[in-house]
Amino acid sequence: MLPWIELDRATIPGDGDELRLKQRGQEFSIMLGSTELMNSRLSGSEEALATLAHERIAGRKNISMLIGGLGMGFTLRAALAVLPDDARVVVAELVPAVVDWARGPMADLHKGTLDDPRVEIHVGDVGALIRSKKAAYDTILLDVDNGPDGLTRPSNDGLYSHPGLRAAQGALRPGGVLSVWSSAPDSAFTRRLREVGFATDEVKVRANGKRGGARHVLWMATKR
């Protein structure tokens, strides 16, 4: 078996933790400590995050989508495949090096999506961006950390708290959808979504789509 090779390290702004980019043959992995945040072999649930959200807003004109976390680009690629030409997609990525990796060693994975005219890359905290906007987006997609109850970084708690969810609600247009990825179920998060006023569906998907893999959870929360 081929050995893993570490290609780069990047410090996460604000807390000093470090991401590591590793490669084994054609396979890539992004690690935080001993925790694997993402792997290039597993893309099905990240793709579903985009396609299921789009199904709920399809038919709107000039769709505005915010994606929290670039990662390996699976959610962005899936979004661009279904969005019309007049759509706009903002991708908020906290770690500048992740954008560099997308244009460098992982360019084949991203397939030129960062250069799509519909795409804007925002290097910064998605939570701060959400809090700065009012009725700006038709859908907000959050694939940050391992989900609401699988956090490797305590600073991400705010996104999934009552104040964070109210901020997301305020940043959505009427009938807009907050789409959230998680590695595991979280009944407390479902309850928080409903407590702030979202109409909420919880969808179980496979990590590798129709090919199986671990069961992940997506929340599709619609602004009433």
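The questions and answers below concern a predicted model.

Visitor: In the seven-stranded open sheet, which strands are the edge strands?
Guide: The seven strands of this open sheet follow the order E7-E6-E5-E8-E9-E11-E10, and their pairing is mixed. On average, neighbouring strands are turned by 15° against each other, direction ignored. An edge strand pairs on one side only, and the strands that do so are E7 and E10.

Visitor: Which residue in E9 is the bridge partner of threonine 139?
Guide: Strand E8 (residues 137-142) pairs with E9 over five bridges, in the parallel sense. Within E9, the partner of threonine 139 is valine 177.

Visitor: What angle does the direction of helix H2 make with that of E5?
Guide: Helix H1 packs on the sheet, where it touches E8, E9, E10 and E11, and its direction makes about 20° with that of E11. Helix H2 (residues 74-82) also packs on the sheet, touching strand E5 (64-68), E6, E7 and E8. Between the directions of H2 and E5 the angle is about 165°.

Visitor: How far apart in space are glutamate 47 and leucine 76, C-alpha to C-alpha?
Guide: Glutamate 47 has its place in helix H1. Beyond four places in sequence, glutamate 47 touches Phe74 and Ala78, while leucine 76 is in contact with residues including Ile67, Val89 and Val119. Glutamate 47 and leucine 76 are 29 residues apart in sequence, and their C-alpha distance is 8.0 Å.

Visitor: Is glutamate 47 buried, exposed or partly exposed?
Guide: Buried requires under 20% relative accessible area and exposed requires over 50%. The relative accessibility of glutamate 47 is 29%, so this residue counts as partly exposed.

Visitor: Where do the buried residues of helix H8 lie around its axis?
Guide: In H8 (residues 187-195), the buried residues are Phe189, Thr190, Arg192 and Leu193. They cover an arc of only 160° around the axis, and therefore they lie on the same side of H8.

Visitor: Which exposed residues are on the face of H8 turned away from its buried side?
Guide: The buried residues of H8 are covered by elements that include helix H6 (157-160), helix H7 (162-171), strand E9 (172-182), strand E10 (198-206) and strand E11 (215-223). The face turned away from the buried side carries the exposed residues Ser187 and Arg194.

Visitor: Which residue caps the N-terminal end of H8?
Guide: After H8 comes glycine 197, with a positive phi near 110°. At the N-terminal end, a side-chain oxygen lies 3.1 Å from the backbone nitrogen of alanine 188. The capping residue that supplies this oxygen is aspartate 186.

Visitor: Which backbone oxygen lies 3.1 Å from a polar side-chain atom of glutamine 169?
Guide: Glutamine 169 is placed in helix H7, and at 16% relative accessibility this residue counts as buried. Beyond four places in sequence, glutamine 169 touches Val196, Gly197, Phe198 and Lys223. The backbone oxygen at 3.1 Å is that of valine 196.

Visitor: Which residue has the backbone oxygen that the side chain of arginine 118 reaches?
Guide: Arginine 118 lies in the loop between H4 and E7. Its relative accessible area is 12%, so arginine 118 is buried. Contacts beyond four places in sequence include Leu83, Pro84 and Asp85. The side chain reaches, at 3.3 Å, the backbone oxygen of leucine 80.

Visitor: Which residue in the turn of the E1 and E2 hairpin has a positive phi?
Guide: E1 and E2 run antiparallel and are joined by six bridges, with arginine 9 opposite arginine 20 in E2. Six residues lie between the two strands of the hairpin. In the turn, the residue with a positive phi, about 100°, is glycine 14.

Methods:
Residues are numbered from 1 along each chain as its sequence is written. This is a predicted model: local features need pLDDT of at least 70, side-chain atom pairs count only at pLDDT 80 or more; totals for chains, interfaces and linings use all residues. Side-chain values use heavy atoms; hydrogens and water are left out. Contact means heavy atoms within 4.5 Å. Buried means under 20% relative accessible area, exposed over 50%, partly exposed in between (1.4 Å probe, protein chains only). Helices (H or I, at least four residues) and strands (E, at least two) are DSSP runs, numbered from the N terminus. The arc is that of the directions from the helix axis to the C-beta atoms. A polar contact is a pair of N or O atoms within 3.5 Å; within protein, one must be able to donate a hydrogen and the other to accept it, and residues adjacent in sequence count only if both atoms are side-chain atoms. Two strands pair if DSSP finds at least two bridges between them. Axes are lines fitted to C-alpha atoms, for helices over the stretch in contact, and angles run from 0 to 180 degrees between N-to-C directions.
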